[in-house]
Amino acid sequence: MHIQEYAALDRCNTLGLPTKARYLIQARCLEDVREALVFARTKQLPLIPLGGGSNVVFSGDLDAVVLRMAIAGKSVVSTLGEHTIVESGAGENWHDLVRWTLSQKAYGLENLSLIPGTVGAAPIQNIGAYGVELKDVFHSLQAVDCQTGGVVCFNRDDCGFDYRQSIFKGSCRDCYVIISLRLKLNRRLTPRLDYADLRDKVEKKALNRELSAELISDVVCDVRREKLPDPGMLANVGSFFKNPEVSASTVQQLKARYPDLVAFPAGERWKLAAGWLIDKAGLKGVREGAVGTHKQQALVLVNHGGATGQDVLCFSEAIKARVHARFGVLLEREPRVY
Ligand code: FAD
Ligand code: NAP
């Protein structure tokens with residue numbers, strides 16, 4: 001096991017924040033994870049699993065053992081009736097997995113194309129985009145219990161999946177290192193085109209080409225590239241806040257004041273578009289020092305270069321305060337802060 005001391009993580013987080021880890025270890029197999037846990041215990045330091053660093057904010061240096069997940073491998077486990085079960089190591093790149101499943105004629109991940117990060121992080125916040133969430137195709141996962149070092153299997157019901165949430169981000173946070181994921185995909189494509197942006201562009205493209213999962217995936221990639229900043233060019237962690245869920249009466253009151261309010265039914269409650277709230281509060285494309293909101297999607301905070309984690313957090317608190325003052329709605333941060 002190779003251990004780096006005082007390792008720079010600047011390139012290991014997509015916000016490009018300058019951070020050092022007291023220790024950095026790569027996990028290429030189960031034994032690496034177990035050894036890292038023992039090492040962290042010996043040093044009396046917390047262990048922080050890290051994938052692509054696309055959903056974390058480092059507020060300063062980390063007095064911790066950072067475990068960079070690099071367990072590889074993808075395979076088809078079985079094809080039974082309508083379904084294909086695939087398995088992937090936690091260190092695989094998420095988008096590569098999506099494209100690989102399509103090449104296996106296993107469908108269901110196309111709307112989740114181009115989400116940055118690793119496979120192992122996908123269950124943490126039940127990643128979602130364009131009306132599809134990981135939970136829709138989740139079969140099971142394997143994780144190492146950080147207390148015992150034993151391997152535990154979680155089925156869908158065990159994970160407490162919710163909107164951008166799971167037990168791994170909630171009641172069981174810091175308790176497990178996810179090492180592999182199984183997905184139950186479909187052998188027949190059922191397009192999920194509820195999102196107007198996606199539907200319009202897919203319909204246009206399908207005039208010249210047969211509607212396929214690859215086509216949907218391509219369009220999702222195009223739409224995302226048009227609208228969202230590529231972290232390689234402009235550092236960011238995607239949506240900085242979750243879309244808040246509010247009561248029907250709150251929506252009614254807000255609609256009376258703002259007829260163009262963007263709100264969608266979410267069970268018995270309503271989901272407000274956080275990006276719209278920030279935009280309407282006059283904060284789209286603004287900049288304070290090195291930090292700002294993206295000019296095309298106000299929900300994305302960007303590091304123009306040279307920002308620290310504290311700069312980002314201060315800026316995000318100012319946004320929260322402004323939105324709360326204007327709409328009475330409290331925004332909740334999506335990425336995890338360390
Ligand atoms: P990291 O940022 O490395 O880690 C995130 C959290 O998960 C940390 O708390 C970490 O400790 C924990 N973790 C990571 N790996 C493991 C593991 N193996 N075991 C246990 N814990 C682990 N998210 C969406 O849901 N939908 C989107 O459409 C979307 N679009 C994005 C677009 C952009 C441009 C960016 C920058 C981000 C976007 N995100 C989106 C957020 C992010 O990409 C996802 O949450 C992704 O799953 C994070 O993966 P990661 O490997 O980078 O996780
Ligand atoms: P968008 O399509 O402009 O939509 C704006 C918001 O309205 C989104 O937050 C979305 O909620 C909601 N919405 C739109 N149509 C909807 C429908 N038919 N039913 C229910 N809700 C609807 O959003 P965008 O910024 O370009 O992002 C596109 C997709 O990628 C979204 O699903 C978004 O969540 C995802 N994304 C996520 C991140 C992240 O870091 N978490 C970053 C970039 C993009 P939802 O967000 O609930 O889908």
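1. Helices here are DSSP runs of H or I with at least four residues, numbered from the N terminus. By that rule, α1 spans residues 30–43. The structure is a predicted model.

2. Start with the second largest pocket. α1 gives the largest share of its lining, three residues. β3 also supplies at least two residues of this lining. The pocket holds about 250 Å³ of space.

3. The lining residues are Leu37, Ala40, Arg41, Leu45, Pro46, Leu47, Ile48, Cys146, Gln147, Asp174 and Tyr338. By class, eight are nonpolar, one is polar and two are charged.

4. Now ligand 1. It has 32 residues around it, and Pro49, Ser54, Thr118, Arg224 and Tyr338 come nearest. Tyr338 is also one of the residues lining the second largest pocket.

5. Polar side chains reach the ligand at several points. A polar side-chain atom of Thr118 is 2.7 Å from an oxygen atom of ligand 1. For Gln125, a side-chain N or O atom lies 2.9 Å from a ligand oxygen atom. Arg224 places a side-chain N or O atom 2.6 Å from a nitrogen atom of ligand 1.

6. On its own, ligand 1 has 980 Å² of accessible area, and the protein covers 93% of this. β3 (47–50), β8 (128–129), β12 (176–186) and β13 (235–239) each give two or more residues to the shell. The shell contains 17 nonpolar, twelve polar and three charged residues.

Terms used:
Residues are numbered from 1 along each chain as its sequence is written. Chains are lettered from A and ligands numbered from 1 in the order in which they are written. This is a predicted model: local features need pLDDT of at least 70, side-chain atom pairs count only at pLDDT 80 or more; totals for chains, interfaces and linings use all residues. Side-chain values use heavy atoms; hydrogens and water are left out. A residue is near a molecule or strand if one of its heavy atoms lies within 4 Å of it. A polar contact is a pair of N or O atoms within 3.5 Å; within protein, one must be able to donate a hydrogen and the other to accept it, and residues adjacent in sequence count only if both atoms are side-chain atoms. Accessible areas come from the Shrake-Rupley method with a 1.4 Å probe; for residues, only the protein chains shown count as cover. Ala, Val, Leu, Ile, Met, Phe, Trp, Tyr, Cys and Pro count as nonpolar, Asp, Glu, Lys and Arg as charged, and the others, Gly among them, as polar. On a 1 Å grid over the protein atoms alone, a cavity is a set of points where a 1.4 Å probe fits but cannot get out, and a pocket is an open set with protein on both sides within 12 Å along at least five of seven lines; lining residues have an atom within 4 Å of a point. Grid points are joined across faces, edges and corners, and a volume is the space filled by probe spheres set on the points.
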